[in-house]
Amino acid sequence: MSGLLLMAPALLLLLAVFVWPLLDYAWLSLQAQSVFTGLEQVPVGTLNWQRLLADGRFWQDAWQTLRFAVVSVALELVAGLAIALLLHQRWRGRGVARSLALLPWALPTTVMALGWRWIFNDPYGPINGLLQLLGLATVPFLAAPELAWLATVVADVWKTTPFVALLLLAGLQMIPHDLYEAFALEGGTPWQGLWRITVPLLRPYIFIVLLFRLAQALGVFDLIAVLTGGGPASSTESLAVYAYLNAMRFLDFGYSATVMLGMFLLLLAGAAALLLWRRHTEVRA
Amino acid sequence: MRVSTRAGLVALLLLWSLGPMLWQLYTSLRTPEALLASAGGLGGGWTLANYGAVLSGDPPFWRYLLNSTVVGALSTLLTLALAIPCAYALSRRGGLLRLLVGGGLLAAAVFPYVLLFLALLQVARQLGLANNLLALCLPYAGLQLPLAVLLLQAAFAELPPELEESALLEGFSLWQRLRWILLPLMGPAVVSTGLLVFLFSWNEFPIALTWISRSELLTLAPAMARIAGSSVYTVPYGAFAAATVLGSVPLLALLLLFQRQIVAGLTQGAIKG
């Protein structure tokens, strides 16, 4: 009984922060509350949900968010594994290198998003400076949709690969070295060892990385809000940015709540798919 | 791997990790004329004026750093005060409740919390918490509780039960057992949990952005966004870069001081959670 008492304050705050908002959105998504209703709540049944299903921008943003998340996380996984393998070897200065490599992850996203905006600046940023030095034309990185999207991926990979590398490094430290020695005695090359020993044994760690990173990347907000503002022409807009704009710029609270709940349901479906996939691969393995 | 190959790869890694930061440092120290004349040139045009401009702004830049530090420290204390008893109770229970709460906490820990901002903003307005710097600690503690409880719960579970049983026989109360027997042994876990909470609160953006509108109360992250938005077409970026550098230095210091604890917390959190 005293156990529950000890947990009560934390659980109450958790309910207030995580559960109450979702209930609030469920209610709000059945109301119209915008400048057209004088910001008063007016029940409208499923009108917001019908609008969501037919809202091209919502589905466009859902696709853009998914594309951003899958490509960024895939790149982070590959780069993170390479960095983890490098940081796992013994060499002088490894500890300091680990600290410095972690810096991008520790910085506030908005700080470095502003930094990247300068790096991609046309024509004064360093990349375009280099292009000019080589006698080439400058590239408007943040003004062309595909390039701006690429810029968001680069900045995200830069920022979060250290996190991925650290988790995989923790996994590498769990693999007994004898395995590699035995494998080498039987004539296996290091490259084969990577695929036959390292990757299979890292699988639980890779799963955790995917869980954390996909959830974060699908909710991407800070980076896009500062680096591109969702532009040009909302080509880099994520669902979270769209929900934010609906509430804070269009002052359409009922619809903003619907967008967020819609995004939540999509995430839930994604999580279920990931769990099923894990069960499937576990049975096979 | 050959030593020279490895040295090359390490250099590449550090260039990739630190290059963008070093570029900000370089930009922040150049005059506007020098930046417009040649990107990457080293001749002439060095200045500290960009830092002067940022530090004498209204409000001065150090104010944002101070605000972030205050919010970060208080959020960390509040989170630990709530998480430690909860984690203790959870670790002393078996069975279904622990499994259920644990699963719920893991789901909450990975949940993209930006989705919650609108409802939290409404609560803040109704309770009159908007534009109250200290009130930010409430959502921050709530958002970080899942990770904190999972981490501390795992640390409690690793302590041998005999330790507490003998203290119980000595007639120690629950508070005494926690304060004098268990917590002293959990130092590393408490420190790494606290650091992760502090980093989150220091860096948090969407909630601070919507709760705080008065510029002297802004924390670092929304202040940077406001700086970014206020003068989009102002080139060159000398003052922006100075702000980026000043915003990064405290975290660089924190990282160099506590690298080991931060890494421990991070990996434990993911693996035990």
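**View 1. Crossing of helices α3(A) and α7(A).** In this predicted model, α3(A) and α7(A) form a right-handed crossing. Helix α3 of chain A spans residues 56–88, and helix α7 of chain A spans residues 145–172. Their axes come within 6 Å and cross at roughly 45°. Angles from 65 to 115 degrees count as roughly perpendicular and those under 35 as roughly parallel, so α3(A) is oblique to α7(A). Sorted by class, the contact of α3(A) with α7(A) has 16 nonpolar, six polar and two charged residues.

**View 2. Surroundings of A:L168.** A:L168 is among the residues with the most contacts inside the largest nonpolar core.

**View 3. The largest nonpolar core.** This core has 157 residues. Besides A:L168, the residues with the most contacts inside the core are B:A83, B:C86, B:V149, B:L152 and B:M224. Helix α7 of chain B, residues 137–158, gives the most to this core, with 14 residues.

**View 4. Contact between chains A and B.** Here 72 residues of chain B are in contact with 67 residues of chain A. On the side of chain B that touches chain A, helix α13 of chain B (residues 238–272) gives the most, with 15 residues. By class, that side of chain B has 56 nonpolar, 13 polar and three charged residues.

Terms used: Residues are numbered from 1 along each chain as its sequence is written. Chains are lettered from A and ligands numbered from 1 in the order in which they are written. This is a predicted model: local features need pLDDT of at least 70, side-chain atom pairs count only at pLDDT 80 or more; totals for chains, interfaces and linings use all residues. A nonpolar core is a set of buried Ala, Val, Leu, Ile, Met, Phe, Trp, Tyr and Cys residues joined through C-beta atoms within 7 Å. A residue is buried if 20 or more other C-beta atoms lie within 10 Å of its own, exposed if 12 or fewer, and partly exposed in between; C-beta atoms are placed from the backbone. Helices (H or I, at least four residues) and strands (E, at least two) are DSSP runs, numbered from the N terminus. Two residues are in contact if their C-beta atoms, placed from the backbone, lie within 7 Å. Ala, Val, Leu, Ile, Met, Phe, Trp, Tyr, Cys and Pro count as nonpolar, Asp, Glu, Lys and Arg as charged, and the others, Gly among them, as polar. Axes are lines fitted to C-alpha atoms, for helices over the stretch in contact, and angles run from 0 to 180 degrees between N-to-C directions. Angles under 35 degrees count as roughly parallel, over 145 as roughly antiparallel, 65 to 115 as roughly perpendicular and the rest as oblique. A crossing is left-handed if the near helix is turned anticlockwise from the far one by less than a right angle, and right-handed if clockwise.
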